[in-house]
Amino acid sequence: MVSTSLPGGTWTLGDLPVTRFGYGAMQLAGPWVMGPPADHGGALAVLRAAAELGISHIDTSEAYGPHVTNQLIREALHPYPDSLHIVTKVGANRDQQGGWPPARDPESLRRSVHENLETLGLDVLDLVNLRLGDAAGPQPGSVAEAFETLVGLQQQGLIRHLGVSNATPEQVAEAQAIAPIVCVQNMYNLAHRQDDELIDALAEQGIAYVPFFPLGGFSPLQSSVLSTVAARLDAAPMSVALAWLLQRSPNILLIPGTSSATHLHENIAGAALSLSDDDLAELDKIGR
Ligand SMILES: NC(=O)c1ccc[n+]([C@@H]2O[C@H](COP(=O)([O-])OP(=O)(O)OC[C@H]3O[C@@H](n4cnc5c(N)ncnc54)[C@H](OP(=O)(O)O)[C@@H]3O)[C@@H](O)[C@H]2O)c1
């Protein structure tokens with residue numbers, strides 16, 4: 001049963017009903033997403049709180065830690081309720097410096113899918129995003145070999161649904177010409193609106209758009225317009241940023257990250273904020 005009490009209601013990812021308000025687990029690993037968290041029990045508590053609050057869509061990756069975030073999810077929530085869907089991604093490794101070198105050759109992708117199955121304790125991954133580009137953002141280039149490798153693993157029954165991440169619109173179209181995708185996960189927030197057209201095109205096709213860094217990621221969103229609107233509504237800027245995303249388009253799913261159960265509660269309450277047309281018009285100026 002999918003909770004309908006969370007802000008934004010629900011969405012169907014392929015055939016998987018999920019709450020539009022999800023949870024991004026990346027922040028649970030150690031500093032700069034390397035190593036274990038300082039507060040292991042606190043990380044487990046955040047994951048359990050997310051599930052208890054009815055969140056049915058958790059975003060992760062084997063690269064977070066590496067291994068750490070997946071292991072925490074398994075420790076906190078396995079055996080998973082049928083209603084909980086864990087979305088992972090493949091296509092990047094970690095190096096000694098904490099960098100994210102691409103790993104999109106067929107052998108690396110196959111290994112990564114099997115590692116995700118192992119660390120999450122699953123027989124089938126609900127949704128796997130192929131992470132493209134690099135730390136600077138999407139980069140042009142064919143996705144065919146990498147995406148076809150994942151399609152092969154899907155045909156073997158190891159993956160239910162596929163998506164792409166950090167992708168250009170051309171790469172989204174190239175992947176779609178090979179096999180159906182159910183989501184695109186790219187960087188997008190009030191201040192980074194480069195995917196406006198892509199979001200609208202995906203909405204018309206019934207495909208989800210899942211913005212990463214919805215709150216600005218490692219550099220929290222800062223804008224005088226955002227602060228002004230938030231002050232007028234007596235709300236936190238983070239709340240306004242999340243509510244704006246939910247109101248921006250019905251195919252947007254939220255995966256805000258936090259290592260704090262208090263922030264998780266604040267974000268759920270804040271995302272329910274109703275923004276007026278005037279608020280939206282004012283906020284619209286930020287990313288234009
Ligand atoms: N596909 C990709 O390439 C890619 C890249 C990056 C991220 N992602 C995914 O996207 C998810 C979201 O991104 P993100 O977590 O990096 O960035 P984010 O959601 O934009 O921001 C997370 C940051 O905001 C803080 N925060 C959250 N709620 C807050 C509140 N109410 N008050 C004050 N601070 C608050 C968190 O700190 P606290 O921990 O203190 O709350 C954390 O530092 C990740 O978890 C990951 O699953 C995907």
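Tutor: Let's settle one scale before we start: a residue is buried under 20% relative accessible area, exposed over 50%, and partly exposed in between, using a 1.4 Å probe and protein chains only. You are looking at a predicted model, in which local features need pLDDT of at least 70, side-chain atom pairs count only at pLDDT 80 or more, and totals for chains, interfaces and linings use all residues. Residues are numbered from 1 along each chain as its sequence is written, and side-chain values use heavy atoms, with hydrogens and water left out.

Student: Thanks! Is Asp-234 buried or exposed, and what is its relative accessible area?

Tutor: Start with its place, the loop between α7 and α8; helices (H or I, at least four residues) and strands (E, at least two) are DSSP runs numbered from the N terminus. The phi of Asp-234 is near 55°, a positive value in a residue other than glycine. Most residues other than glycine have a negative phi. As for cover, Asp-234 is exposed because its relative accessible area is 74%.

Student: What is the relative accessible area of Val-33?

Tutor: Val-33 also has a positive phi, near 65°, and is not a glycine. Its loop runs between β3 (23-24) and α1 (40-52). Val-33 is buried, since its relative accessible area is 3%.

Student: Now the peptide bonds: about what omega does the cis bond between His-78 and Pro-79 have?

Tutor: Most peptide bonds are trans. Pro-79 is placed in the loop between α2 and β5 (85-90). The cis bond from His-78 to Pro-79 has an omega of about 0°.

Student: Which two residues does the side chain of Asn-70 reach by side-chain polar contacts?

Tutor: Asn-70 belongs to helix α2 (residues 68-77) and counts as buried because its relative accessible area is 0%. Beyond its neighbours within four places in sequence, its contacts (heavy atoms within 4.5 Å) are Thr-60, Ser-61, Glu-62, Asn-116, Thr-119 and Leu-120. A polar contact is a pair of N or O atoms within 3.5 Å; within protein, one must be able to donate a hydrogen and the other to accept it, and residues adjacent in sequence count only if both atoms are side-chain atoms. At 2.9 Å in each case, the side-chain partners of Asn-70 are Glu-62 and Asn-116.

Student: On to the ligand: how much of its accessible area does the protein cover?

Tutor: The ligand is surrounded by 25 residues, and the closest are Asp-59, Leu-215, Thr-258, Ser-259 and His-263; a residue is near if one of its heavy atoms lies within 4 Å. Ligand oxygen atoms are 2.6 Å from a polar backbone atom of Leu-215, 3.1 Å from one of Gly-216, and 2.7 Å from an N or O atom in the side chain of Ser-259. Of the 900 Å² that the ligand has on its own (Shrake-Rupley method, 1.4 Å probe), the protein covers 86%.

Student: Which helix gives the largest share of that shell?

Tutor: By class, the shell has 10 nonpolar, 11 polar and four charged residues. Here Ala, Val, Leu, Ile, Met, Phe, Trp, Tyr, Cys and Pro are nonpolar, Asp, Glu, Lys and Arg are charged, and the others, Gly among them, are polar. The largest share, three residues, comes from helix α9 (residues 261-271).

Student: At what distance does the side chain of Ser-223 reach the backbone nitrogen of Leu-226?

Tutor: Ser-223 lies in the loop between β9 (208-209) and α7 (224-232). Ser-223 counts as buried because its relative accessibility is 16%. From its side chain to the backbone nitrogen of Leu-226 the distance is 3.0 Å.

Student: And how far is Pro-237 from Leu-221 in space, C-alpha to C-alpha?

Tutor: Pro-237 is in helix α8 (residues 237-248) and is partly exposed, since its relative accessible area is 34%. Although Pro-237 and Leu-221 are 16 residues apart in sequence, their C-alpha separation is 8.2 Å.
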